[in-house]
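Biologist: Please take a close look at the salt bridges in this model, and describe the setting of each partner.

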Amino acid sequence: MRSWRWFLSRVMRLFLRWFRLCPRRGRRKRPSRLRDLWNYWRVLLKSLYYNVLTNSDTALDCVFEPIYWLVDNMTRWFGVVFVSLVIVLTSSVVIIVYLCVLPIIFSTYPVHWILWHLCYGHWNLLMLVYHYYKATTTYPGFPPQEKTDIPTVTLCKKCIVPKPARTHHCSICSRCILKMDHHCPWLNNCVGHFNHRYFFSFCLFMTMACIYCSISAKDMFLDAYNAIESGRYWDGHSQGEAVPGAGLIYISFSHQSSYQTPPPAFTRQERMVHKSLVYLWVLTSSVAVALGGLTLWHAMLISRGETSVERHINRKERKRLRLKGKVFRNPYHRGKINNWKIFFGVEKQSDWLTRVLLPSGHLPHGDGLTWDCPSHRNNTMAI
């Protein structure tokens, strides 16, 4: 026979079950089937793209992803066009120098200046052509695709292979590049560990060559420009046309034509020489300014032991650590002089002549996979 406690518990269970099933006043109705489906599909849709780390920068990257894809593919295909443009423009300058500038130098300059122009000009041209050829044909360096014992710092999201320190993925080449600096369309090649020296040397010697041509041909440019302008003026007056900016001279010519002496008539070949000298000076001066700024920028990065990619990464890291009261220390910075020695591969004093001032195909310092100052060492310091 059951006790009264069992009956009491049974009654309480029935009461609670009845209270739970009875609808309350003012209680909201259960959501309909349509609302359940809507909530389910909304959660399912958000699960496809929602990320707790998503922010405005990620959203903008997603929006501009088609533009990035277009730029990458255009750069890949137009690299051949840019390389051809460099070859054509450089060849045109060299031809003008041989056909127009050197004859003037031989006829008007003393012997020691003629020897200077011949020696320096041909040395600069040799260094320029050699380093451009090596920069375009040398592979920048790729990490191994198979599993190895080489220490890595992260995993490439595109290649799905481990990345060693200072290695970054190039979206144009679709490969990871050792010590990647950037992808240069003028080389149609990535600038990495094995051709970084060739790229910088090409920029340096191209800037030096443009400055040399701009300074050497300055007086020739002024004479050619004045000859072209005077020829345009007298040609306009011979046809009775007004030349802008020469109204006073035009009046003097109209009423006192007997006192005006026209300039000597230039032959077709002389006019072509004048236009070529103007083209030479304008082109070399423009390239000297533009490429000179790029060369100084890369020289600053080399002095700091950074690449173009690491410059942006380190700048963000400095800001982040500054808020925590710490100072960022670049683990690959060895001092300005040592950075330049490592970059050029200088091991002794004579290497500055044989490896920097003369064409040299020596390999860079290290293999690009491991570094003497790995990134996992402590690179911060409390203030």
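Modeller: Buried means under 20% relative accessible area, exposed over 50%, and partly exposed in between, with a 1.4 Å probe and protein chains only. This is a predicted model, in which local features need pLDDT of at least 70 and side-chain atom pairs count only at pLDDT 80 or more, while totals for chains, interfaces and linings use all residues. Residues are numbered from 1 along each chain as its sequence is written, and side-chain values use heavy atoms, with hydrogens and water left out.

A search of the whole structure finds three salt bridges, each being a side-chain nitrogen of Lys or Arg within 4 Å of a carboxyl oxygen of Asp or Glu. In one of them, glutamate 317 meets arginine 320 at 2.4 Å, N to O; because these residues are three apart in helix 10, about one helical turn separates them. Helices (H or I, at least four residues) and strands (E, at least two) are DSSP runs numbered from the N terminus. Glutamate 317 is partly exposed at 25% relative accessibility, and arginine 320 is likewise partly exposed, at 38%.

Glutamate 310 pairs with arginine 166 at 2.7 Å, N to O. Glutamate 310 lies in helix 10 and arginine 166 in the loop between strand 2 (162-163) and strand 3 (168-170), so the pair ties together parts 144 residues apart in sequence. Glutamate 310 is buried at 7%, and arginine 166 is buried at 11%.

Arginine 318 forms a salt bridge with glutamate 306, the closest N and O atoms being 3.3 Å apart. Here arginine 318 is partly exposed, with a relative accessible area of 26%, whereas glutamate 306 is buried at 4%.
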